[in-house]
Amino acid sequence: MSNFKPTNYTLRCVATGHEFADHGWDLADNECAEPSLVRAIYEKKKIEVKEELDFYRFCDWLPVRRMLKGSAAPVTFRSKGLAAHLGLENLYITLNGYSPAHGAKMTTCSFKETEAYSVCGRMSDDEKRVLVVASAGNTARAFAKVCSENNIRLLLSVPADNLNALWFEKPLNPCVKLIACEQGGDYFDAIRLGDMALQSPMFYAEGGAKNIARRDGMATTMLSAATTIGRIPDYYFQAVGSGTGAIAAWEANLRLIEDGRFGDNTAKLMVSQNAPFVPMYDAWRADSREMLPYETHRARRDASIIDAKVLSNRKPPYSIKGGLYDALKATDGDVLVVTNAQERKAARLFEELEGIDIHPAAAVAVASLIKAVDGGQVDKKATIMLNITGAGEKRFKAEHDIVYLQPEKIFPLNVEADAVVEAVEAMFSE
Ligand SMILES: *Cc1c(COP(=O)(O)O)cnc(C)c1O
């Protein structure tokens, strides 16, 4: 990793076109005249893939100033089993997860690893503050692994009901600490707890979809597909929670067009949600940039019913300039819905035909592809990219001894911010 140089780029506000230098962690807020995502504009227009650098093979188009240990890149291959079953001539699977037979080595088994390696690679190595990540599962596991193996201080906040999602191959470095909100709390309560910790100047937020590193990390799935296939696909299938991964795929598509060697087409984004939790589907059907009202108690109930819990984001970057609504319009895309029953059937079929166990969210994407093919929505000759966002957890757990990260403290749901600040400051002051 010796001859690595930080990537050169500037930032551009999508809404106004204003360009500026990356001089801080929190992008945009004081540089964009209106609410908008900010994009990285990379100096290098033709990407040079450096395979020996694992995930950082795509570093020409990642906003990173250092490379971290233990990373893995998404793997793209041409489908045989599923493609034959569906009568598709050019179906490509981009695999994010663990499957040694395919060369897929993400040991936390989801594409959240791509964002964690990118976000933490953007961080300065003399950062004194502690990174805070609130999550229901996959994101927490990905950041925990990257930070543990690279000695980066991290505070995770998860709901107590999701502690079983924090499984690891080996005990974590004590620079990673976990807090939880008591049983009965959900993802939104974990976010609230994380926000309370952030009231202390010792901590800083990861930033979510607004962080260019998060999106450009996830964009490596599209880069993996296009550089393996040799062209930009015609369709991109992915199950969405926040929609960040799909926005990232579109942004990567724009860079690939500029590169010039991968064609000039725009892949149609075919994104899917798990019914009955379908707020983006509802807004898209109504042809509305704004999300429609979604009562909290209904959202909580719907989120508790769906199999693919990671898809239950209630405040996605859908309406914001440069967000999912714009991405769907620009790519002539669509939002599809999948029930739990369709998802479970698709997971079984995928494992049988491709030999890989997949996450319920990835199975939502597979089911949406099956529905789109059955409904005549895709041309059978088209080049289709199926983003398998999580895979191999069953295999990984069967092949490894698993340990669980234990919380330092579990807070009641009605805790006051002062008490949280005092507790988390003490955790990192020793
Ligand atoms: C987070 C996640 C998704 C959804 O990704 P978004 O970028 O939030 O839309 C899909 N699948 C898996 C396995 C995930 O962990």
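Select Lys-112 and the ligand: a polar side-chain atom of Lys-112 sits 2.6 Å from a ligand oxygen atom, a polar contact being a pair of N or O atoms within 3.5 Å; within protein, one atom must be able to donate a hydrogen and the other to accept it, and residues adjacent in sequence count only if both atoms are side-chain atoms. The model is predicted, so local features need pLDDT of at least 70 and side-chain atom pairs pLDDT 80 or more, while totals for chains, interfaces and linings use all residues. Residues are numbered from 1 along each chain as its sequence is written, and side-chain values use heavy atoms, with hydrogens and water left out.

Then pick Thr-389: one of its polar side-chain atoms is 2.7 Å from a ligand nitrogen atom. Of the 380 Å² of accessible area that the ligand has on its own, the protein covers 97% (Shrake-Rupley method, 1.4 Å probe; for residues, only the protein chains shown count as cover).

Next, show the 18 residues around the ligand, among which Lys-112, Gly-241, Ser-242, Gly-243 and Thr-389 come nearest (near: a heavy atom within 4 Å). Colour strand E13 (235–239) and helix H7 (244–259); each supplies at least two residues of this shell (DSSP runs numbered from the N terminus, helices H or I of at least four residues, strands E of at least two).

Finally, move to the open sheet of three strands, ordered E2-E1-E3 with antiparallel pairing (strands pair if DSSP finds at least two bridges between them). Its edge strands are E2 (19–20) and E3 (38–42). Select Arg-12 to find its bridge partner in E2, Glu-19.
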